[in-house]
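Dear colleague,

Please find below the structure that I am handing over to you. My findings follow directly after it.

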Amino acid sequence: MRNIIKLSLTLALVGIISAALLTAMHNVTDPIIVERREADYREALESFFPGFEEFESDELDEGQFDLIYDQDGELMGIMATVIAMGYDGEIRFNLAVDETGEIIGVRVVAHTETPGIGDVIERDSFKEQFIGKSHEDPITASEDVDIISGSTVSTVAMINSIRQTTEVIAQNYLGVEVVEVDLAEVPDGTYQGTAQGFIGPIVVEVEMAGGEIVNIEVLEQEETVTYFVEAYPLIPERIIEEQSLDVDTQTGATASAEAIVNAVENALLEALGEDVEEPVEEEPVEPEPVDVDLNEVPDGTYEGSAEGFMGPIVVEVEVAGGEIVSIEVLDHEETPEYFREANPLIPERIMEEQHFDIDTQTGATASAEGILNAVLNALSGAIDNDGGGEDN
Amino acid sequence: MEPKNVYIQDLTRGLVKENPVFVALLGMCPLLGVTGFLFYGFGMGVATTLVMIGGALIVSLLRNYIPPQIRIPCFIVIIATFVTIVDMSLQAFQPALHDALGVFVPLIVCNCLILGRLEAFSSKRPVLRSVADGVGAGLGFTLALVLLALVREVLGQGTLLGPEPEGAIVLFGENFEPMTLFAQPAGAFIALGLLLAGVNIFMKRFNI
């Protein structure tokens, strides 16, 4: 017991002496560190805003924004300190923007990108391409600025962050009005909108009904799947739940999440801008095809598909003289042991009965119904196509 | 008393014959991590040497007061103290180096080279011999870092004394395409392997 106390006390003593030493050291070095950081920052400010007099700091969610003033107290521009998520961690950088919103310069403060690959973001040739651009420019990879191949993630992260920062600055400090979407004013219908995601454009389809967003679907995107799942369907769900575009986009894929929000916003803005815009034609998706009158089906061979147990089942149906003469399964993804129970039994039953009210209770009912629905789809398609032909 | 040349022996042992990197293969993590540029490698070496000397001094001074049961935690606290002092000093006086070395500075704490020397040597020897040994081991480590960084910077960047473009000496003409592989971790392993092979041949040849 005595021994343990002695040991503890010795260790505690060592710790206390260590702490005291470090505190003393901290007091010596900390002012120097802070001063040095400030000097570096001032030097950068001087290079972007020659002859500036003072600056005023403002903190937003997006980062720190310093408003730079000259001797007469006139706003010279804004220096933003923001963080972009690069390939290997945070890229902290400064973005200097003049009083009209045009980019004066980009300065990478700290990053942990791979040496020789991701550190190209520090290259002047990369940074200088942003100069002169503003919130009115797309600032989009491969559109008006270039990524550096081999360092796509690092450079795209910078580009996206710079675009967002110019927008934040324009809206918060330069009095650029944000176009707010009033959901109540959007007429019912389905609208499409596009916005730049992390890698490529994201196309969404927004369905409006009674002044509310009822459905958001992503039609096209090129994002990395493992990241995109963090944003979709979460973000559409949040938008629909809150009936607002001002949702939290902090996810594992913030860039994709923000792009979805922007795409929805664009879709609705376009809807408001042109009230007469025709809603996008709805794709006819009939889950349960209606019964088909075989006498209406012209002779011929038709293809149709329907969902089986594991995936789509594609069939080819041959009709002659108002009768089905052959049914062949062209493609399926079912488990062979089970599918055997449904094919060729179901095609045989259909041909025998010459109607579709057949018994699908087999060892593979889901596959059996898949075949039946595929045949129905093939024949209903045949009738629709034929009808269209007559109209012409 | 100890004969005089015992100090010389303690000092030189770590340089070649018992070089912590080339012979004992200790401290691989910072060795591979920060040797992209000569400046970084050298800076890391000096930082580690300072911690090594400080640790050796204090541990040797306290060797009769630290109970053996808690010697390891005590050593680690002592090492950590010196590492933090070095870290803060770098931040204040060599910010560029500090940013470049990044997490590897705090990680000096767990460099087994330091704890190994303190445990095996300083905790049982008088102060002067311990410090001599600390200097030797530290310089040996620095030597290895400098050699590896030299190979990697020349091949991987084509410069010397980088990475600042203004200060760096560009060794080759404009058409030189650096072997980026050597700037990356895989290149560090390859360069280290070649270096180890070279040192082994050298030591065999001269019977060290």
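In chain A, residues 24 or more positions apart account for 54% of the contacts with a separation of 6 or more. Please bear in mind that this is a predicted model. The secondary structure of chain A comprises nine helices and eleven strands, and 31% of its 392 residues count as buried.

One sheet of chain A deserves a description. Three strands form an open sheet in the order 9-10-11, with antiparallel pairing. Its edge strands are strand 9 (300–307) and strand 11 (323–331) of chain A, each of which pairs on one side only. From one strand to the next, the twist averages 25°. Strand 9 of chain A is joined by eight bridges to strand 10 (residues 312–320) of chain A, and the two run antiparallel. Within this sheet, Tyr302(A) stands opposite Val317(A), a residue of strand 10 of chain A.

I turn now to a residue of chain B. Ile85(B) is located in helix 4 (residues 71–93) of chain B. Is Ile85(B) buried or exposed? Ile85(B) counts as buried because 21 other C-beta atoms lie within 10 Å, where the cut-off is 20 or more. Leaving aside residues up to four places away in sequence, Ile85(B) touches Leu22(A) and Met25(A). Ile85(B) and Val51(B) are 34 residues apart in sequence, and their C-alpha atoms are 8.9 Å apart in space.

With kind regards

Key: Residues are numbered from 1 along each chain as its sequence is written. Chains are lettered from A and ligands numbered from 1 in the order in which they are written. This is a predicted model: local features need pLDDT of at least 70, side-chain atom pairs count only at pLDDT 80 or more; totals for chains, interfaces and linings use all residues. Two strands pair if DSSP finds at least two bridges between them. Helices (H or I, at least four residues) and strands (E, at least two) are DSSP runs, numbered from the N terminus. Axes are lines fitted to C-alpha atoms, for helices over the stretch in contact, and angles run from 0 to 180 degrees between N-to-C directions. A residue is buried if 20 or more other C-beta atoms lie within 10 Å of its own, exposed if 12 or fewer, and partly exposed in between; C-beta atoms are placed from the backbone. Two residues are in contact if their C-beta atoms, placed from the backbone, lie within 7 Å.
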